[in-house]
Amino acid sequence: MFKKVMGYIISFAIIMGCLWLGNGIQALLSLSIPGSIFGMLILFALLASGLIKVEWISPSAHAFIRYMIILFVPISVGLMDHFPMLIDNALSIFASSVGATTIVLVVLALSLQKILSSHDKVEKTSKSKES
């Protein structure tokens with residue numbers, strides 16, 4: 001039981017430490033990018049480099065994901081305060097959402113096509129060398 005509680009405390013401390021560093025970077029540089037984004041990038045860099053093991057942050061990460069819906073309640077209530085403004089700008093919001101989604105899909109499709117075609121060329125080359 002003690003080991004499980006310590007796992008939650010350590011993983012929560014690591015995640016909150018990355019968030020704190022990200023908020024510090026945002027405040028220091030006075031950028032419009034939220035500090036939580038910097039914090040996620042820091043956490044990703046630490047995980048990718050192997051300085052932090054996935055097992056170390058797993059307990060709190062699973063808890064955050066499990067109860068994520070609760071974290072959306074305040075923002076949803078806040079949006080209702082600005083409902084008239086959202087309705088006034090609904091067309092531009094819809095157009096930008098559809099446009100951005102279309103751009104992402106097209107770029108992803110073209111990238112995947114290029115990757116798969118180069119993969120096929122490598123396979124054909126290696127098969128012809130074997131023959």
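**The nonpolar core and its surroundings**

Author: Seven residues make up the largest nonpolar core, which has 7 residues: Ile-14, Ile-15, Cys-18, Ile-42, Leu-43, Ile-52 and Ile-57. Helices α1 (2–29) and α2 (35–49) each supply at least two residues of this core, and α1 gives the most, with 3 residues. A nonpolar core here is a set of buried Ala, Val, Leu, Ile, Met, Phe, Trp, Tyr and Cys residues joined through side-chain atoms within 4.5 Å. Buried means under 20% relative accessible area, exposed over 50%, and partly exposed in between, with a 1.4 Å probe and protein chains only. Helices (H or I, at least four residues) are DSSP runs, numbered from the N terminus.

The model is predicted, so local features need pLDDT of at least 70 and side-chain atom pairs count only at pLDDT 80 or more, while totals for chains, interfaces and linings use all residues. Residues are numbered from 1 along each chain as its sequence is written, and side-chain values use heavy atoms, with hydrogens and water left out.

Contact means heavy atoms within 4.5 Å. In soluble globular proteins, nonpolar side chains tend to be buried together.

The packing of α1 with α2 may be considered next. Their axes lie 7 Å apart and form an angle of about 125°, which makes α1 oblique to α2. Such axes are lines fitted to C-alpha atoms, for helices over the stretch in contact, and angles run from 0 to 180 degrees between N-to-C directions. Angles under 35 degrees count as roughly parallel, over 145 as roughly antiparallel, 65 to 115 as roughly perpendicular and the rest as oblique. On the α1 side the meeting residues include Leu-19, Leu-21, Gly-22 and Asn-23, and on the α2 side they include Gly-35, Phe-38, Gly-39 and Leu-46. In the loop between α1 and α2 is Ser-30, which has a positive phi of about 50° although it is not a glycine. Ser-30 counts as exposed, at 62% relative accessibility.

Elsewhere on α1 is Ser-11, which is buried, with a relative accessible area of 0%. Not counting residues up to four places away in sequence, Ser-11 touches Trp-56, Ile-57, Pro-59 and Ser-60; Ile-57 is one of the core residues. The Ser-11 side chain reaches the backbone oxygen of Gly-7 at 2.9 Å and makes a polar contact of 2.6 Å with the side chain of Ser-60. A polar contact is a pair of N or O atoms within 3.5 Å; within protein, one must be able to donate a hydrogen and the other to accept it, and residues adjacent in sequence count only if both atoms are side-chain atoms.

Ser-60 itself is found in helix α3 (residues 54–66) and counts as buried, at 5% relative accessibility. Its side chain reaches the backbone nitrogen of Phe-12 at 3.2 Å. Leaving aside neighbours within four places in sequence, Ser-60 is in contact with Tyr-8, Ser-11, Phe-12 and Ile-15. Met-6 also lies in α1 and counts as partly exposed, at 30% relative accessibility. The C-alpha atoms of Met-6 and Pro-59, 53 residues apart along the chain, are separated by 9.8 Å.
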